[in-house]
Amino acid sequence: MQLSYTHRHHRILSQLFYLAALLVWCYKGWNGNWLHDWYAAALPYEGMDPFYWILVAIKVPQTIIHSKILLWGLDVIILLSLVGTLLLPKRKVFNWAFTIAYIVYSIVFNTFSGHHYHSIGIILLSICFLFSYKNPNSTKVFHFARLYLCFMLASSFVWKLVRNNLFEIDHFSKIILDQNIYYFQSFPDAFRAEILYFLVDHIELSHSFWIGLMFLQASFSIGFFTKRFDLLLMVFYILFLAGSWFFMNIVNLDNYTLILLFFPYGLLNRRIKI
């Protein structure tokens with residue numbers, strides 16, 4: 001498979017990404033997670049992040065959340081800029097407008113949702129497509145994003161290893177119970193719930209799945225040294241996302257777009273005709 005990143009790959013991946021981002025944005029709107037749905041939210045949450053401390057201290061998120069014009073403006077800019085990137089891909093003004101608006105959206109949403117979500121996928125990939133392919137920064141940013149994802153997953157494995165989670169036999173059964181408590185209450189007789197009950201009761205089996213998820217994360221250390229196994233890493237990432245949903249009820253649609261970072265260039269050459 002061809003491993004060099006060409007203009008054609010850049011164009012295809014860009015269109016796939018912005019289409020995926022548009023679907024994610026529409027889904028968020030359907031679920032009431034556009035900013036105007038959070039108008040006049042009262043309690044900001046800065047957590048332990050100094051960046052949010054500063055923003056809350058100077059009342060940036062509070063000012064935005066109490067302005068219907070700003071909230072609707074950001075929502076509409078995100079929607080129209082996504083459509084613009086798909087219809088007029090050479091006009092980079094749409095790319096820049098989307099990235100800036102989505103960063104602001106993420107900051108405000110995290111501040112008032114009560115949790116700082118690690119939803120970096122759409123932001124990270126949008127930065128990759130801010131520049132035209134002829135700009136040398138384009139390829140550099142794309143490869144940096146790929147390495148950052150590898151680091152994020154591999155370092156997560158190291159963190160669990162250092163904390164000795166690998167050897168706690170009942171660790172994953174407790175996580176399954178904690179993460180799915182509301183699911184169990186709402187759908188106690190569902191087929192998935194029955195499987196999760198079984199794993200909670202059989203800690204040795206749930207522990208084996210935990211080890212499997214950990215080593216899926218560890219496998220991304222390969223990405224630091226070669227792109228030869230990117231198709232395999234893409235499969236591993238999909239399995240990791242599926243496992244995170246099935247076992248821990250974690251669904252982060254923004255980060256699903258990061259699958260594109262491992263899309264083999266040779267596969268694009270063989271399968272997609274544009």
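The exercises below concern a predicted model, and each task is followed by a worked solution.

**Exercise 1. An aromatic pair**

Task: Determine how the rings of Tyr 105 and Phe 109 are arranged, and where in the chain these residues lie.

Solution. 
Step 1. Tyr 105 and Phe 109 both belong to helix H5, which covers residues 92–113. They are 4 residues apart, about one turn of the helix.
Step 2. An α-helix has 3.6 residues a turn, so residues three or four places apart point the same way.
Step 3. The ring centres of Tyr 105 and Phe 109 are 5.7 Å apart, and their planes make an angle of 25 degrees. Planes under 30 degrees apart count as stacked, so this pair is a stacked one.
Step 4. Tyr 105 and Phe 109 are both buried.
Step 5. Ring pairs also join Tyr 105 and Phe 109 into a cluster whose members include Phe 17, Trp 25, Phe 98 and Phe 142. The model has 27 aromatic pairs.

**Exercise 2. Two further residues of helix H5**

Task: Are Ala 101 and Phe 98 buried or exposed, and which residues do they touch?

Solution. 
Step 1. Helix H5 contains Ala 101 as well as Phe 98.
Step 2. The cut-off for a buried residue is under 20% relative accessible area. Ala 101 has a value of 4% and is therefore buried. Phe 98 has a value of 1%, so Phe 98 is buried too.
Step 3. With residues up to four places away in sequence left out, Ala 101 touches Leu 74, Ile 77 and Ile 78. Under that same exclusion, the contacts of Phe 98 include Phe 17, Tyr 18, Ile 78 and Leu 82.
Step 4. Gly 73 is 28 residues from Ala 101 along the chain, and their C-alpha atoms are separated by 9.3 Å. Phe 98 and Ile 169 are 71 residues apart in sequence, with 45 Å between their C-alpha atoms.

**Exercise 3. A histidine in helix H1**

Task: State where His 10 is found, and how far it is from Phe 142 in sequence and in space.

Solution. 
Step 1. His 10 is part of helix H1, residues 7–30.
Step 2. The relative accessible area of His 10 is 5%, so His 10 is buried.
Step 3. His 10 and Phe 142 are separated by 132 residues in sequence, but by 9.3 Å in space from C-alpha to C-alpha.

**Exercise 4. The buried face of helix H10**

Task: Which residues of helix H10 are buried, and what covers them?

Solution. 
Step 1. Helix H10 spans residues 191–201, and its buried residues include Arg 192, Ala 193, Leu 196 and Leu 199.
Step 2. Viewed down the axis of H10, the buried residues fall within an arc of 120 degrees, so they line one face of the helix.
Step 3. Phe 191 and Asp 201 are exposed residues on the face of H10 turned away from its buried side.
Step 4. The cover over the buried residues of H10 includes helices H8 (171–179), H9 (181–186), H11 (203–218) and H12 (230–248).
Step 5. The charged end of Arg 192 sits over the ring of Phe 246, 5.7 Å from its centre.

**Exercise 5. Positive phi angles in loops**

Task: Where do Ala 40 and Lys 59 lie, and what is the phi of each?

Solution. 
Step 1. Ala 40 lies in the loop between H1 and helix H2 (50–57). Lys 59 lies in the loop between H2 and helix H3 (60–65).
Step 2. Phi of Ala 40 is near 65 degrees, a positive value in a residue other than glycine. For Lys 59, phi is likewise near 65 degrees.
Step 3. Ala 40 has a relative accessible area of 35% and is therefore partly exposed.

How values were computed. Residues are numbered from 1 along each chain as its sequence is written. This is a predicted model: local features need pLDDT of at least 70, side-chain atom pairs count only at pLDDT 80 or more; totals for chains, interfaces and linings use all residues. Side-chain values use heavy atoms; hydrogens and water are left out. Rings of Phe, Tyr and Trp (its six-membered ring) pair if their centres lie within 6.5 Å; planes under 30 degrees apart count as stacked, over 60 as edge-to-face and the rest as tilted. Helices (H or I, at least four residues) and strands (E, at least two) are DSSP runs, numbered from the N terminus. Buried means under 20% relative accessible area, exposed over 50%, partly exposed in between (1.4 Å probe, protein chains only). A charge sits over a ring if NZ of Lys or CZ of Arg is within 6 Å of the ring centre and within 35 degrees of the ring normal. The arc is that of the directions from the helix axis to the C-beta atoms. Contact means heavy atoms within 4.5 Å.
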